[in-house]
Amino acid sequence: MSHVIDRRLNGKNKSTVNRQRFLRRYREHIKKAVEEAVTRRSITDMEHGEQISIPGRDIDEPVLHHGQGGRQTTVHPGNREFTAGENIPRPQGGGGGQGAGQASNSGEGMDEFVFQITQEEFLDFMFEDLELPNLVKRHLTGSDTFKTVRAGISNEGNPSRINIVRTLRSAHARRIALSGSSRQKLKQAKAELERLLREEPDNLNDIQALEQECEKLRTRINRIPFLDTFDLKYNLLVKHPTPSSKAVMFCLMDVSGSMTQSTKDIAKRFFILLYLFLQRNYEKIEVVFIRHHTSAREVDEEEFFYSRETGGTIVSSALKLMQEVMAERYPITEWNIYAAQASDGDNWNDDSPVCRDILIKQIMPFVQYFTYVEITPREHQALWHEYERVSEAFSDSFAQQQLVSAADIYPVFRNLFQRRIAS
């Protein structure tokens, strides 16, 4: 009897496969918990994991077992309280598994199953089925990503990439080519020797000479090496540059005095969600942050999210600055251009038509997708109605949505960037 002892060390992620299977099985519960978590989290708490609760009844699995078998006779006592088919209400308290309610002397239940998902898993569920619309490969040069592909056969290469079939085929062809004349002479000498042995067995001199000739030819043929360095063939692998799409996202946020702190927080949470989405799904993407009140200014990430600057409201200043940056740094022949704008809808008199004209004439013909989010519980003002005219002219690349509270952020975000089926 032989024994096999496995001395391999257990990996750190030995249960990864089981965990992934579990996440796939309870995907609907996890997605619902992630959506609820997004709506209640603070601005700085968007990247953390989440604690997920699954009702115990949903993780029960069917069990196969043997029955009692045979005929069973059971006598059930009657009662004065219940009749057949009557619905019995569930006892109140005790058994919900949540720790709430008063103590009870009746009822039963099962605690919820609670587990923690990581930051990576949380973001995977958050951005599932989302993408940037109309993304195309505009710029095919200057890529630093490569893909190794087969490119035929080479006479030089790494020994680990030797092509055995091609090598043996080449060696066989070489031996045939180099020994062709000798094999032909050997064939003729053998035929002549057989004739002499059959017809002139007493002609010993000629027979001996032919035998020596045959041996000489065999030696010459065998002297040809079975395998030569010339025969070696290798699989040729080359690196082909993989075209990568270059994209830029313009984030335009209104920080004027009409934007209350609550409204600004909602706008920041929307842009943080957008920023996380872009960072996670698109490596080759740039983000341009523009804040505006009466004037617009390009800022960095830190200032965009945390500066407390305020003032009046002229929305067209942000659109003009965006157009200038587009023309200066992001030629449309090389870049996929996207934009997201957040505002409360307030704007200076007569500026909303200017915004419409800038969008229709100078921005929308050159961008892949433009989203406008208006954060207000009030009736829409002139800016929204002017943007509706933009939406009519560019229905495939312009979208506008209204946000009322933080609970609307995630549904609106998914609606704006939902993956679309190509027609």
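Me: At roughly what angle do the axes of helix H5 and helix H6 cross?
Reply: This is a predicted model, in which local features need pLDDT of at least 70, side-chain atom pairs count only at pLDDT 80 or more, and totals for chains, interfaces and linings use all residues. Residues are numbered from 1 along each chain as its sequence is written, and side-chain values use heavy atoms, with hydrogens and water left out. Helices (DSSP runs of H or I, at least four residues) and strands (E, at least two) are numbered from the N terminus, while axes are lines fitted to C-alpha atoms, for helices over the stretch in contact, with angles from 0 to 180 degrees between N-to-C directions. The axes of H5 (residues 180-199) and H6 (residues 204-222) come within 9 Å, and they cross at roughly 155 degrees.

Me: Is H5 roughly parallel or roughly antiparallel to H6?
Reply: Angles under 35 degrees count as roughly parallel, over 145 as roughly antiparallel, 65 to 115 as roughly perpendicular and the rest as oblique. The crossing at roughly 155 degrees therefore makes H5, relative to H6, roughly antiparallel.

Me: How many charged residues does the contact of H5 with H6 have?
Reply: Contact means heavy atoms within 4.5 Å, and here Arg-183, Lys-185 and Glu-192 of H5 are among the residues involved, along with Asp-206, Glu-211 and Arg-218 of H6. Asp, Glu, Lys and Arg count as charged, Ala, Val, Leu, Ile, Met, Phe, Trp, Tyr, Cys and Pro as nonpolar, and the others, Gly among them, as polar. Beside 10 nonpolar and 1 polar, the number of charged residues is 8.

Me: How is the crossing of H10 and H11 handed, left or right?
Reply: H10 and H11 pack at about 25 degrees with their axes 9 Å apart, and they are therefore roughly parallel. A crossing is left-handed if the near helix is turned anticlockwise from the far one by less than a right angle, and right-handed if clockwise. For H10 and H11 the crossing is right-handed.

Me: How many nonpolar residues are in the contact of H9 with H10?
Reply: The axes of H9 (residues 316-329) and H10 (residues 352-363) come within 9 Å and cross at roughly 15 degrees. H9 residues including Leu-319, Met-322 and Met-326 meet H10 residues including Val-354, Ile-358 and Leu-359. With 3 polar and 1 charged alongside, the nonpolar residues number 8.
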